[in-house]
Amino acid sequence: MAENGDGLGTVPEHERILQEIESTDTACVGPTLRSVYDDQPNAHKKFMEKLDACIRNHDKEIEKMCNFHHQGFVDAITELLKVRTDAEKLKVQVTDTNRRFQDAGKEVIVQTEDIIRCRIQQRNITMVVEKLQLCLPVLEMYSKLKEQMSAKRYYSALKTMEQLENVFFPRVSQYRFCQLMIENLPKLREDIKEISMSDLKDFLESIRKHSDKIGETAMKQAQQQKTFSVVLQKQNNIKFGKNVYINDRIPEERNEVELKCGFEEEDENEEEVLTVQDLVDFSPVYRCLHIHSVLHETVDGYRRYFTQIVGFFVVEDHILHVTQGLVTRAYTEELWNMALSKIIAVLRAHSSYCTDPDLVLELKNLIVIFADTLQGYGFPVNRLFDLLFEIRDQYNETLLKKWAGVFRDIFEEDNYSPIPIVNEEEYKVVISKFPFQDPDLEKQSFPKKFPMSQSVPHIYIQVKEFIYASLKFSESLHRSSTEIDDMLRKSTNLLLTRTLSSCLLNLIRKPHIGLTELVQIIINTTHLEQACKYLEDFITNITNISQETVHTTRLYGLSTFKDARHAAEGEIYTKLNQKIDEFVQLADYDWTMSEPDGRASGYLMDLINFLRSIFQVFTHLPGKVAQTACMSACQHLSTSLMQMLLDSELKQISMGAVQQFNLDVIQCELFASSEPVPGFQGDTLQLAFIDLRQLLDLFMVWDWSTYLADYGQPASKYLRVNPNTALTLLEKMKDTSKKNNIFAQFRKNDRDKQKLIETVVKQLRSLVNGMSQHT
């Protein structure tokens, strides 16, 4: 009985083991089988019997299943045998279709390849046409240049060369023929220069050969003019009843006949009389002058031009003083005035085209020597010095253009970082270039930094260089120190108020100039403004004119740098707001969330960290600028957050989203209260978020009864909440409440809350309508 009892107890155990074997992964079968051998001695035999019985049961089930599905399997095999025939037919058809497609595709491939070749050829032709369209104007201009050279139109040829170099050659500079043309232009210029000088020498040689004829003609004209004056005097004497030939007693009738005959002969010969200017063709002189002006060798041409003129009038003056009656003072003065008018006209015309201040200065020196030389011989030269004042204005304009490029290069090379110095030598080098005084900086140990960047000493040096350059023109003009002082100060004011100011404004408006660079620019302009008094002392030391003199012109550097600084400050406010907008655009609120995340949004924390870092840079700015920038940033952030809540595209807002938004506003308020920029009194900076705070408090506390009761009262708790704003936000929350149970956290009945929200909406609408009617 015991054995039977054990056997009965063993059977369920064997069934459990078999179930585990069937249901367990093969990797875990070992422990299960081991339990069979660990049991009673006969357990293994009984387990094998049970296993055989289980196998037989499974075989029966498999047989039943096969018998059940056998007919379907037979039917499927039959269908497959039928399909095999169709499949063979389909295979033949697919093979035949593929062959025909391959044969047809060969023609398509050939045609496609032809199309590709045609497209490539078309593209190449289009490219060639485009390149030829670029090259043809160059070739036409070069052909025109050759024609002008052949026709001896050298001045026009030089102008054509300038057009080729400035306009046409840059378009096709990558081609070999263009390089050959470029290399040939200097040779053509030299040829033109030599030809013009050869023509001028031929002209001078011709003048020397025909000088006797010219002199004879000039003397005849002088004699005729003298005879005409005598005849005219006789005529006047006759009219007044006087007889010129008193001793000879010539009758008046005869005298009248002689006068008539004389006038008739003059009328007949009047058309045949030629002046000296008519006998001489001066075109080689003008042509040579124009060519040298284009070749930027005007000064050399003027030097020869002036020496010839000086030599001529020196000879005239010598003849005037050593001879009697051959040349008169009136004649030389008339000739000088005529020559001076032409000289001034030529100088005025050609100096206006000169863009090189060094050439203008050299021309001025030649004019001064020319004027002083002829003034020494008694010729009036006041008109030449008046011309020099006109040229001085042109010289200043060329200086301003030159220094505009200098300032632009300085600003481009600046790194807009404080100047680092590591030892006393570097400190002295900077101090020698720029008058900087700061006792606190002197006490600091090395290494240390100057507050301004490298551009400040460079700008200061270049302003002094400009003053020196402007002074060079004022030398030898026979002007008083007061006039020179006035000229220097006026030209320096033009440099500061027009050139430097324009360069600064252009720099400030460049897109790549960031907030850090703008801060450094403000610091730089502050130090340049402080250095203006040293520039005034610099001019005073040059001219020895005290600044306290009544008529002394003051430098306008203060207004220049203030305007630049104000522009930079405005640009800081704009760029800071743009940066805030970039962060706000990264906001990704889930406006339908049921619960807040419990922490502020990531975009807002990144924005606050950015503002903290940038406001640390602002510590070097004047206090008012840093405070204004900080207040402007907080106000702009508050406005952006408010606009986000009231966005018309935002249709629904849950209470969870409002709570999350409240967490972000709390971080903004904490940032404002941390005094990111020193100098604010009390909670002045926090007031930038007061509109948001009162609006969110109203929705968080749900204190509508207080809001509606106290609306319009000066002491209202929600004085900054506009009814229209509250209504807009409440309607968005009302739409959400229809789908979600957002008021469960207030532990009130949902139906009562819905009625309450509808009541508040009605009251707000009536309040808004009343305000609009009152308005």
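Me: On a 1 Å grid over the protein atoms alone, a cavity is a set of points where a 1.4 Å probe fits but cannot get out, and its lining residues have an atom within 4 Å of a point. By this rule, how many cavities of 30 Å³ or more are there?

Reply: This is a predicted model, in which local features need pLDDT of at least 70 and side-chain atom pairs count only at pLDDT 80 or more, while totals for chains, interfaces and linings use all residues. Residues are numbered from 1 along each chain as its sequence is written, and side-chain values use heavy atoms, with hydrogens and water left out. Under the cavity rule, the count of those of 30 Å³ or more comes to five.

Me: Which helix gives the most residues to the lining of the second largest cavity?

Reply: The second largest cavity has a volume of about 80 Å³, taken as the space filled by probe spheres set on grid points that are joined across faces, edges and corners. Its lining consists of 14 residues, and F411, S455, L504, N524 and L528 lie nearest its centre. Two or more residues come from each of α16 (455-474), α17 (481-508) and α18 (515-530), where helices are DSSP runs of H or I with at least four residues, strands are runs of E with at least two, and both are numbered from the N terminus. With four residues, the element that gives the most is α18.

Me: How many residues of that lining are nonpolar?

Reply: Ala, Val, Leu, Ile, Met, Phe, Trp, Tyr, Cys and Pro count as nonpolar, Asp, Glu, Lys and Arg as charged, and the others, Gly among them, as polar. On that scheme the lining of the second largest cavity has one charged residue and three polar ones, and the nonpolar residues number 10.

Me: Which residues does F407 contact, leaving aside its neighbours within four places in sequence?

Reply: F407 belongs to the group of residues that touch the most other members of the largest nonpolar core. Contact means heavy atoms within 4.5 Å, and, with neighbours within four places left aside, the partners of F407 are I459, Q462, V463, L495, T499, L500 and C503.

Me: Is M631 buried or exposed?

Reply: M631 is placed in helix α22 (residues 623-645), and its contacts beyond four places in sequence are F680, T684, L685 and A688. M631 and F680 are 49 residues apart along the chain, with their C-alpha atoms separated by 9.5 Å. Because its relative accessible area is 17%, M631 counts as buried.

Me: Which residues does T398 touch, not counting those up to four places away in sequence?

Reply: T398 lies in helix α13, and because its relative accessibility is 5%, this residue counts as buried. Beyond four places in sequence, T398 touches C354, T355 and P357.

Me: What separates the C-alpha atoms of P596 and G656?

Reply: P596 lies in the loop between α20 and α21 (602-617), and at 26% relative accessibility it counts as partly exposed. Not counting residues up to four places away in sequence, P596 touches G656, Q659, Q660 and L663. Although P596 and G656 are 60 residues apart along the chain, their C-alpha atoms are separated by 5.1 Å.

Me: Is the peptide bond from F446 to P447 cis or trans?

Reply: Most peptide bonds are trans. P447 is found in the loop between α15 (439-443) and β2 (448-450). With omega near -5 degrees, the bond from F446 to P447 is cis.

Me: What relative accessible area does N544 have?

Reply: N544, which lies in the loop between α19 (532-543) and α20 (557-584), has a positive phi of about 60 degrees although it is not a glycine. Most residues other than glycine have a negative phi. N544 is classed as exposed, and its relative accessible area is 64%.

Me: Where does E675 lie?

Reply: E675 is not a glycine, yet has a positive phi of about 55 degrees. With a relative accessible area of 42%, E675 is partly exposed. Its place is the loop between α23 (655-673) and α24 (690-701).

Key: On a 1 Å grid over the protein atoms alone, a cavity is a set of points where a 1.4 Å probe fits but cannot get out, and a pocket is an open set with protein on both sides within 12 Å along at least five of seven lines; lining residues have an atom within 4 Å of a point. A nonpolar core is a set of buried Ala, Val, Leu, Ile, Met, Phe, Trp, Tyr and Cys residues joined through side-chain atoms within 4.5 Å. Buried means under 20% relative accessible area, exposed over 50%, partly exposed in between (1.4 Å probe, protein chains only).
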